[in-house]
Amino acid sequence: MFTLFRLNYHNQYYSAYPDTEQLNQNKKLWLDSLSKYAPEQILRAAKVAIEECEYLPNLHRMNELCRAQGPGKGLPSARDAYQEACNAPSPKAAYAWSHPAVYHAALDSGWYLLANEIESKAFPVFEKKYREVCNRVLAGEELIVEPPALLEEKPSTPLPKSESKKKLADIKKLLD
């Protein structure tokens, strides 16, 4: 990223980082702040900065650009994932998710919250959970959505009336 900036913002770069000591201090600061993003995401953000920013971006601007790039590895943006989670039909585990991370973030957020709260309350919760799940995926974790259990192909035969009455009597005893 700093090499791209040096090549594209030559004079500004050398004004901002006049010596190696200051450059190394800034690199440490940027590493601490940007470590929550995948390297591919940071590189994409740096390329966007080169194309869109007239001036050398500061750390705040780079954080914004990294967030806007989405997590990578086939993961949708937080906004797209939120909309998918809110609109997914039940049973949720049977839905064809764009990525298992969307399902797991929604599961962690709570289906009830996503279905019943307004977006201004539900999205921040989902976004936080989604970021956590994305970080796990980017770290190499494989996520799986377990399909729901299927119903029996041939339902079992009903109990004879005498056994049904006995079971009903047993249940009534338990409730008394």
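**Rings and helices in a predicted model**

User: What separates phenylalanine 126 from tyrosine 130 in helix α9?

Analyst: They are four residues apart in helix α9, so about one helical turn lies between them. A helix is a DSSP run of H or I with at least four residues, numbered from the N terminus. The model is predicted: local features need pLDDT of at least 70, side-chain atom pairs count only at pLDDT 80 or more, and totals for chains, interfaces and linings use all residues. Residues are numbered from 1 along each chain as its sequence is written, and side-chain values use heavy atoms, leaving out hydrogens and water.

User: What makes tyrosine 13 and tyrosine 14 an edge-to-face pair?

Analyst: Rings of Phe, Tyr and Trp (its six-membered ring) pair if their centres lie within 6.5 Å, and planes under 30 degrees apart are stacked, over 60 edge-to-face, the rest tilted. The tyrosine 13 and tyrosine 14 rings are 5.4 Å apart, centre to centre, with 90 degrees between the planes.

User: Why is the pair of phenylalanine 126 and tyrosine 130 called stacked?

Analyst: Their centres are 5.7 Å apart and their planes at 10 degrees, so the pair is stacked.

User: How do you know whether phenylalanine 126 is buried or exposed?

Analyst: Buried means under 20% relative accessible area, exposed over 50%, partly exposed in between (1.4 Å probe, protein chains only). Phenylalanine 126 has 0%, so it is buried. Tyrosine 14, at 39%, is therefore partly exposed.

Key: Helices (H or I, at least four residues) and strands (E, at least two) are DSSP runs, numbered from the N terminus.
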